[in-house]
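Biologist: Take me through this model. I want the grounds for each label.

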Amino acid sequence: MMAAPGRRRITLLPAILVLSLFLPWIASAASAVLGIDLGTEYIKAALVKPGIPLEIVLTKDSKRKEVSAVAFKPVRDAQKTDSFPERIYGSDAVALAARFPNDVYPNLRPLLGQLVKQSSLVEEYRKTHPALDLVEYGDRGTVAFRSAAFQKEEEPFTVEELLAMELQNIRTNAEALAGKTSKIEDVVITVPAFYTADELRAIEVASELAGLNILGLISNGLAVGVNYATSRTFPSVTESGKAEYHLIYDMGAGSTSATVLQFQGKTIKDKGKQNKTVQEVSVLGTGYDRLLGGDALNAIIVDQMVNEFVKTPAAQKQSVAHESVRTHGRAAAKLWKEAERARQVLSANSETMASFEGLYDDIDFRYKLTRANFEELAGEFADRVEPAVKQALKAANLSMADLDSVILHGGATRTPFVQAQLEKVLGGAGKIRTNVNGDEAAVFGAAFKGAGLSTSFRVKEIQTRDGTPYSVGLQWMIDEKGSDPVRF
Ligand SMILES: Nc1ncnc2c1ncn2[C@@H]1O[C@H](COP(=O)(O)OP(=O)(O)OP(=O)(O)O)[C@@H](O)[C@H]1O
Ligand SMILES: [Mg+2]
């Protein structure tokens, strides 16, 4: 029998107040720390600063997360003048995708540290963003983009440079929250547990370019765990308490990961003769699927939309080919946006409609998708929900019965078939926790970790152990014949 899940330390007080008790600042030398959850589709940031215990950094238009995108808005006569295109960020950038499909760069994270010639992630990105001019960067062979908005002789922008621009924007937003005189440099950034050295290096390069100083990188699952631990006390194993085990299941836009975490208290000797109890959060095992997430689900809807479109009488009359629509920048951008919307609508409704004016060759298109249709299309994706859980448990040397709970994180865990599949795997919904903030737990955890690493704050002591020596994962690639993902 496992111990009961961690009790909340002070249940009645709002979390912010609880945290503020742990974050007294050391008067003068204190500086701010930023936690960044660097997602494929969204970047979330949370600030810790004297006077600001822990607060989400709002975007320019007061949203709690920034769409991970940058765009270059062309100036007139771009080829002739010296003036630079305007840089646009976030949802404003994505909103330009239908007008300037070849100068809006969204969802770049999967491209970090990849070699153009060898990466199935790059292949997939090219397919879903046909209008972008993705090139190999010099001898390095990594990803860069040539922008149409700039003069022809301009060097292509590396994916690290584009990400740095996004990070700079986040930094500007954070400085607006922190106040005019504040300069923000110190950050803790979340990274997937499966990241390779090259991918981690790319994050470091982008941060350096943005003038940020990385205090630490933390895996997504561990960050959620740290946040979970901030307001709880776990049984002390030095006083014969039993550790708790929770699994974080995170499905975002780009990927899915499962992380088995161990939570426990430990009584140790403090300075002098006194004992103190610290909380410990350790990663015991991870599993993942690098291509399972909202983006992959969007791609199957887009594919289906194009199938339907080419069958319409108007498209048939002009012999429109599937490939021409899918690779048409403007049409692809519109379809992608619509697929994203449709999927979210279908999480709460049983059907959704979309209509496009002049989707391709001036042909209008109306489209209806039911949840049942969608689930049929996504059939094999349902089978891909479980493996990450199994791999994480195997690496942790634990079984399903050892888990006290499963904590959901990431927007795509709201997809009904994903939840249904998890319930099936776990033998019922009993262990699934829904009281954890599935969008912001990781960024709060990262910021809390940042406050702990910075010398400017004194925070509740939570020791963390990241790293996954036995991590196992699945990789998927697209087979040569078409769209069926195969395991390799
Ligand atoms: N209600 C919903 N139903 C289904 N999917 C949703 C819903 N809300 C958000 N999503 C999806 O969640 C994804 C974004 O989630 P999240 O912000 O966790 O991703 P991310 O952190 O940017 O990506 P990743 O962690 O994979 O790098 C998108 O694909 C979005 O469509
Ligand atoms: Mg994420």
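Biologist: Which residues are closest to ligand 1, and how many surround it?

Modeller: This is a predicted model. In it, 20 residues surround ligand 1. The closest are G39, T40, G252, G294 and G411. The cut-off is a C-beta atom, placed from the backbone, within 6 Å.

Biologist: What makes up the shell around ligand 1: how many nonpolar, polar and charged residues?

Modeller: Three are nonpolar, twelve polar and five charged. Gly counts as polar here.

Biologist: Which helix gives the largest share of that shell?

Modeller: Helix α10, residues 329–348, with four residues.

Biologist: Why are β18 and β19 called paired?

Modeller: Pairing takes at least two bridges between the strands. Strand β18 (residues 351–360) and strand β19 (residues 363–370) have seven, in the antiparallel sense. So they count as a pair. M353 in this pairing stands opposite K368 in β19.

Biologist: What lies between β18 and β19 in the hairpin?

Modeller: Two residues. D361 is in the turn, with a positive phi of about 50°.

Biologist: How do you know that β10 and β11 pair?

Modeller: Two bridges join β10 (residues 142–146) to β11, and the strands run antiparallel. The threshold is at least two, so the pair qualifies. A144 stands opposite T158 in β11.

Biologist: What is the strand order in that open sheet?

Modeller: Three strands, β9-β10-β11, with antiparallel pairing.

Biologist: Why do β9 and β11 stand at the edges?

Modeller: β9 (133–137) and β11 (157–158) each have a single partner strand, so one side of each is left without a neighbour in the sheet.

Terms used: Residues numbered from 1 in each chain as written. Chains lettered and ligands numbered in written order. Predicted model: local features only at pLDDT ≥ 70, side-chain atom pairs only at ≥ 80, totals over all residues.
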